[in-house]
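This report goes through a predicted model.

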Number of protein chains: 2
Amino acid sequence: MRLAMVGAGNVATHLSKALINAGYPVAQVWSRNIDNAVNLALEIGANSIANIEEISSDVEMIILAIADDAIAEIAQKLPINSDRIILHTCGSMPLDVLNMHPKFGVIYPIQTFSKNTELDFGQIPLCIEAHNNETLNVLYSIAKNLSNNVAKVSSENRMRIHIAAVFACNFTNYFYSLAHELLLNAQLEFDIIKPLIKETALKVMLSNPEEVQTGPAKRNDQSTIDKHLELLKNQPSIKDLYALISQNIVKKYSKS
Amino acid sequence: MRLAMVGAGNVATHLSKALINAGYPVAQVWSRNIDNAVNLALEIGANSIANIEEISSDVEMIILAIADDAIAEIAQKLPINSDRIILHTCGSMPLDVLNMHPKFGVIYPIQTFSKNTELDFGQIPLCIEAHNNETLNVLYSIAKNLSNNVAKVSSENRMRIHIAAVFACNFTNYFYSLAHELLLNAQLEFDIIKPLIKETALKVMLSNPEEVQTGPAKRNDQSTIDKHLELLKNQPSIKDLYALISQNIVKKYSKS
């Protein structure tokens with residue numbers, strides 16, 4: 001099966017490499033940013049194309065690994081081809097955004113991708129969805145060759161997973177960067193909390209997060225919370241976040 | 001050096017075991033909750049005592065591993081003994097809360113402890129502080145036997161580290177539990193985002209968190225943010241958090 005990759009960002013890069021490793025050649029790469037397309041194509045041994053219309057007629061699957069709000073527009077530009085499957089990779093775009101094509105589906109990897117970070121793709125949960133069972137079976141067989149962890153997930157549940165992922169990953173990483181900022185402001189090294197970050201994540205591999213919550217808000221230790229808010233008084237946006245989240249945690253654990 | 005442990009919670013448990021492994025016998029355990037004291041004493045081969053006044057006169061160091069707001073009160077109850085070092089283990093209590101005693105200090109482990117989670121104590125950063133250099137040297141030599149990662153940290157910087165830890169650990173774990181809740185509500189398994197949680201934490205072992213931020217808010221993808229807020233409309237406290245943090249992330253990355 002010959003593939004074309006539309007997009008050359010973090011997801012496109014990791015997914016292209018995983019596909020090639022699994023024996024699915026990515027023949028062509030297109031990106032709005034031609035330099036990115038050229039770079040990814042070079043990296044994976046594909047051809048970059050400057051116009052999306054140049055996607056070869058023998059490409060059997062086109063994967064749109066692009067920003068959510070670009071999918072509908074780009075999908076519209078692809079020629080209708082009754083033998084070809086069009087996929088997107090987004091958490092929060094419904095399957096039907098691709099329904100101008102005869103065959104379409106979704107492969108959504110539940111992972112955070114950065115270009116320079118190596119990943120074991122085989123461990124990444126892949127959510128698949130398709131317009132009919134035949135296409136779903138094609139996606140299932142590809143996905144199973146990419147990962148041990150493949151699940152059929154509806155568009156609505158995919159979006160729920162995406163929201164959960166925003167909390168568990170994007171917001172979490174933002175908090176790492178607030179911690180980083182707080183430590184740097186005090187001439188302290190970020191290194192000093194790395195074991196804590198690691199342990200916090202590893203603990204929930206084995207325990208429910210509710211059961212391993214710790215900290216001043218969990219203990220409803222208002223005097224510590226107040227001291228922290230006082231020290232944060234010159235950083236109002238961090239202080240407001242601290243207050244709001246502490247309040248939520250206090251409420252959650254004082255109920256039980 | 002004979003020690004007494006005051007407290008029998010998560011920190012007391014892990015620290016007692018680490019001390020014993022490093023060759024510092026914990027002779028006595030006291031806790032406000034006598035059952036907890038008995039259980040910890042049994043687990044580590046110490047004696048539990050029902051009254052804090054029973055701390056043996058040959059105990060050379062008493063460690064207060066108790067809630068922040070109990071430290072001043074308990075420290076007051078300990079007999080004054082010019083040969084004995086009194087320690088606490090809190091992030092946000094100043095050293096001076098113990099200054100009614102002749103010798104005093106702090107060992108603050110930057111870690112999240114749950115009783116049933118095994119930890120490699122040797123990797124835990126320990127912040128130490130003491131009223132004079134002689135006591136500091138004693139603490140340093142004990143701390144170096146417990147961990148490879150020991151730093152002298154002032155009371156104020158210790159509190160800054162604690163605030164950073166609240167974001168990087170307590171709030172992060174709270175977000176894991178929100179993710180858990182969102183997934184369970186949709187009959188989805190928490191397992192499905194575990195690889196993401198792990199990768200998010202591991203990524204910042206090697207990269208600055210600012211550089212590996214991903215997600216809709218980082219991309220200022222308002223249409224996805226709006227869809228997520230719409231799906232969260234019946235969970236107003238989660239929705240408000242989502243909106244506030246997304247706003248902060250958008251602001252941070254649109255500046256740069």
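## Cysteines

Over all chains of this predicted model, the count of disulfides comes to 0. B:Cys90 takes part in no disulfide, and the nearest cysteine sulfur to it, that of B:Cys127, lies 13 Å away. A disulfide requires two cysteine sulfur atoms within 2.5 Å, and the sulfur of B:Cys127 is too far for a bond because the closest cysteine sulfur, in B:Cys90, is 13 Å from it.

Are these two cysteines buried or exposed? B:Cys90 has a relative accessibility of 6% and therefore counts as buried. B:Cys127 is buried as well, with a relative accessible area of 0%.

## Interface of chains A and B

Chain A contributes 85 residues to the contact, and chain B contributes 85 residues. About 8400 Å² is buried between chain A and chain B, and carbon and sulfur atoms give 70% of that area. Of the area that chain A buries against chain B, 8% is supplied by A:Phe167, A:Leu196 and A:Leu231, which is more than any other three residues supply.

Polar interactions also cross the interface. Between chain A and chain B, 30 residue pairs are in polar contact, both residues of each pair being at pLDDT 80 or more. The salt bridges between chain A and chain B number 2. One of them joins A:Asp68 to B:Arg219, with the closest N and O atoms 3.6 Å apart.

## Makeup of the chain A side

Which helices of chain A each supply at least two residues of the side that touches chain B? They are helix H5 (155–185), helix H6 (194–206), helix H7 (222–231) and helix H8 (236–255). H5(A) gives the largest share of this side, 27 residues. Sorted by class, the side of chain A that touches chain B has 47 nonpolar residues, 24 polar residues and 14 charged residues.

## Chain A as a whole

Chain A has 8 helices and 8 strands. Its C-alpha trace spans about 70 × 40 × 30 Å along the principal axes. Chain A has 256 residues, of which 58% count as buried. Among the contacts in chain A with a separation of 6 or more, 53% are between residues 24 or more positions apart.

## Helix H6 of chain B

Helix H6 of chain B covers residues 194–206. Its buried residues are B:Lys194, B:Leu196, B:Ile197, B:Glu199, B:Thr200, B:Ala201, B:Lys203, B:Val204 and B:Met205. An α-helix has 3.6 residues a turn, so residues three or four places apart point the same way.

What covers the buried residues of H6(B)? The cover includes H5 and H6 of chain A, together with helix H5 (155–185) of chain B.

## Positive phi in two loops

Most residues other than glycine have a negative phi. A:Gln187 is not a glycine, yet its phi is positive, at about 55°. This residue, A:Gln187, is found in the loop between H5 and H6 of chain A. A:Gln187 is exposed, with a relative accessible area of 71%.

A:Asn220 is likewise not a glycine and has a positive phi, of about 50°. The loop that holds A:Asn220 runs between H6 and H7 of chain A. With a relative accessible area of 40%, A:Asn220 is partly exposed.

Conventions: Residues numbered from 1 in each chain as written. Chains lettered and ligands numbered in written order. Predicted model: local features only at pLDDT ≥ 70, side-chain atom pairs only at ≥ 80, totals over all residues. Heavy atoms only, no water. Buried < 20%, exposed > 50% of the residue type's maximum accessible area, 1.4 Å probe, protein only. Contact = heavy atoms within 4.5 Å. Buried area = accessible area lost by both parts, 1.4 Å probe. Salt bridge = Lys/Arg side-chain N within 4 Å of Asp/Glu carboxyl O. Polar contact = N/O pair within 3.5 Å; in protein donor to acceptor, adjacent residues only side chain to side chain. Helix = DSSP H or I, 4+ residues; strand = E, 2+ residues; numbered from the N terminus. Nonpolar A, V, L, I, M, F, W, Y, C, P; charged D, E, K, R; others polar.
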